[in-house]
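Please look through the sequence and the structure before reading the points below.

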Amino acid sequence: MQPDFKLTTLIGMAALCCHQLSAQNGQQRPNIIYIMSDDHAYQAISAYGGALKDLAATPNIDRIAREGIRFDRCLVTNSISGPCRAVILTGKYSHLNGFLRNEGQKPFDGSQQTFPKLLQKAGYSTAMIGKWHLGSDPTGFDHWEILPGQGSYYNPEFITSQGRHTEKGYVTELITDKCIEWLEDAKDSGKPFMLMMHHKAPHRDWQPGPNELTLYKDITFPEPPTLFDDYSNRGKAELTQDMTISKTMRLEEDLKLYRDRSKMKNTGLNRLDPSQMAEWDSVYNPIIRKFYASDLSGDELVRFKYQRYLQDYLACIAAVDKSVGEVLDYLKESGLDKNTVVIYSSDQGFYLGEHGWFDKRFMFEESYRTPLLISWPGVTKPGTVNEDIVSNIDLPETFLEIAGVEVPSDMQGRSMLPILKGKTPGNWRKEHYYHYYEYPGSHMVKRHYGMSTQRYKLIHYYYDIDEWELYDRQADPLEMKNMYDDPSYARIKKKLHKRLEKLMLKYGDSEELARSFLPN
Ligand code: SGN
Ligand code: CA
């Protein structure tokens, strides 16, 4: 026992010594903490400004923007959870990484190349904690603990390599504690680390935590100007979706206005223990009584639903914001902050009533754009705002370059390292390619692909319809008018078509390929 103990102590001390030495010499490679929430709209982050910023501030998430860069045009390649996660792991578009959609999808092929594997090979400690949503077990992580599927808000189950177990508490708080616990171990390991901290919140059905139940219940939020959009001047895809606040959003399962409590099981609200339930009921029962006594209908009902939606959604975000604060505080207290890059993002964007919608999937800005904030002490200039077209597909290459690891040539994004250092390369992308596949399916958003420049967007709904749309964000920032058939756009339309063709060629995508994966 004794010699072994001494030997381990010596090795430990040597490792610590090396670690401290290299840190002093500035040679220790930076740590990376990638925080991803689920369905967190940039409109609901106060650092982004916007109409909600004073009523529902996110002071902790804003700290990352204050100390680093706020990216104002981070576009996703396929606006839905599993596919976004697969893109971030692989640096490849969905048609190459094999994960096209959430529904009817084979589990993610975890044997393929991913950035965590490459970091692990290069000597990083790697961990993945929270919502994973890719069907197969995580690979490339020294430690992982994930939620099954979408996970539950209250008393959730977790999966580890040992199997499943349930924990008492609120999912955002549990994930935070697990991450900080892992960081404590990682700190002492002498190795640089990369942590993926993936929140479930604020995903539908937006169940606020015990500490935020009353936070916004009496607040009235401003309505977006397009809450009552009638989709005129656009096509069939916008008309036939199933994601409106008016029709799709459910009074009971979504807005918690339960009359039939047996429906609680559909959203996991039946998981609350008696004391959690008593607290829940003390907040929601008066809201329920008032609502059913009021007999709202028509536009007034939509207005009411919008308010209830935001009250719960933003309360979920308040817990995420607190979680970010706890992680940032821990980094500061432990001294890790000096050499840790912190990234905050969401799997994709989300509609907060714009076009009358919730959910995502479309190539309109609110769901196509995801929030992205990055701070790297000593590298990112505090308070920078960046408007370049960056993408979630750029993240893995960025992480590899931060770690000084060679980027494989088959990754399809581009490292943002020069942007983090303050200089956008002259040949940075001027257009971005998108392809969404999940149809028929939840919310019935038709399959489409397209491209976006800073000003224009060209979209093709190609599956059971054949409709093109063209938007001019400069003339029409709310994206309310399809200009595709307008003669004054004929020249730009031709140019955009060419550029889209080029992009498809570059990334190896085509309609034929899409049809071969998902036949009609
Ligand atoms: C669930 C939600 C949908 C949501 C998808 C995908 N319905 O099916 O509203 O679009 O997840 O979301 S629910 O009633 O079960 O909440 S994603 O973020 O995981 O892609
Ligand atoms: Ca999502």
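The protein donors of the calcium ion (ligand 2) come from D38, D39, D347 and Q348, and these donor atoms lie 2.2 to 2.8 Å from the ion. The model is a predicted one. The structure also holds 34 aromatic pairs, and some of them are described below.

**Calcium site**

- The site of the calcium ion (ligand 2) has 6 donor atoms, and the angles among them run from 51 to 171 degrees.
- Along the sequence, the donor residues follow the spacing D-D-x307-D-Q.
- D38 has 0% relative accessibility, so D38 counts as buried.
- D39 counts as buried because its relative accessibility is 0%.

**Aromatic pairs**

- The structure holds 34 aromatic pairs.
- The ring centres of Y313 and F350 are 5.8 Å apart and the ring planes meet at 5 degrees, so this pair is stacked.
- Y313 belongs to helix α9 (residues 298-334), while F350 is in the loop between β9 (340-346) and α10 (365-368), so the pair ties together parts that are 37 residues apart in sequence.
- Y313 counts as buried because its relative accessibility is 0%.
- F350 has 0% relative accessibility, so F350 also counts as buried.
- Y439 and Y463 form an edge-to-face pair, with 5.7 Å from centre to centre and 80 degrees between the planes.
- This pair links distant parts of the chain, 24 residues apart: Y439 is in the loop between β13 (432-436) and β14 (448-452), and Y463 is in the loop between β15 (456-461) and β16 (467-472).
- Y439 and Y463 are both buried.

**Aromatic cluster**

- Which residues form one aromatic cluster? They are Y231, Y351, W357, F362, F364, Y461 and Y471.

**Charges over rings**

- K178 lies over the face of F158, 4.4 Å from the ring centre.
- R369 has its charged end over the ring of Y42, at 3.7 Å from the centre of that ring.

Definitions and conventions:
Residues are numbered from 1 along each chain as its sequence is written. Chains are lettered from A and ligands numbered from 1 in the order in which they are written. This is a predicted model: local features need pLDDT of at least 70, side-chain atom pairs count only at pLDDT 80 or more; totals for chains, interfaces and linings use all residues. Side-chain values use heavy atoms; hydrogens and water are left out. Donors are N, O and S atoms within 2.8 Å of the metal (3.2 Å for Na, K and Ca); water is not among the atoms, so sites may look incomplete. Four donors count as tetrahedral if all angles lie between 85 and 135 degrees; four count as square planar and six as octahedral if opposite donors are over 155 degrees apart and all others between 65 and 115; anything else is irregular. Buried means under 20% relative accessible area, exposed over 50%, partly exposed in between (1.4 Å probe, protein chains only). Rings of Phe, Tyr and Trp (its six-membered ring) pair if their centres lie within 6.5 Å; planes under 30 degrees apart count as stacked, over 60 as edge-to-face and the rest as tilted. Helices (H or I, at least four residues) and strands (E, at least two) are DSSP runs, numbered from the N terminus. A charge sits over a ring if NZ of Lys or CZ of Arg is within 6 Å of the ring centre and within 35 degrees of the ring normal.
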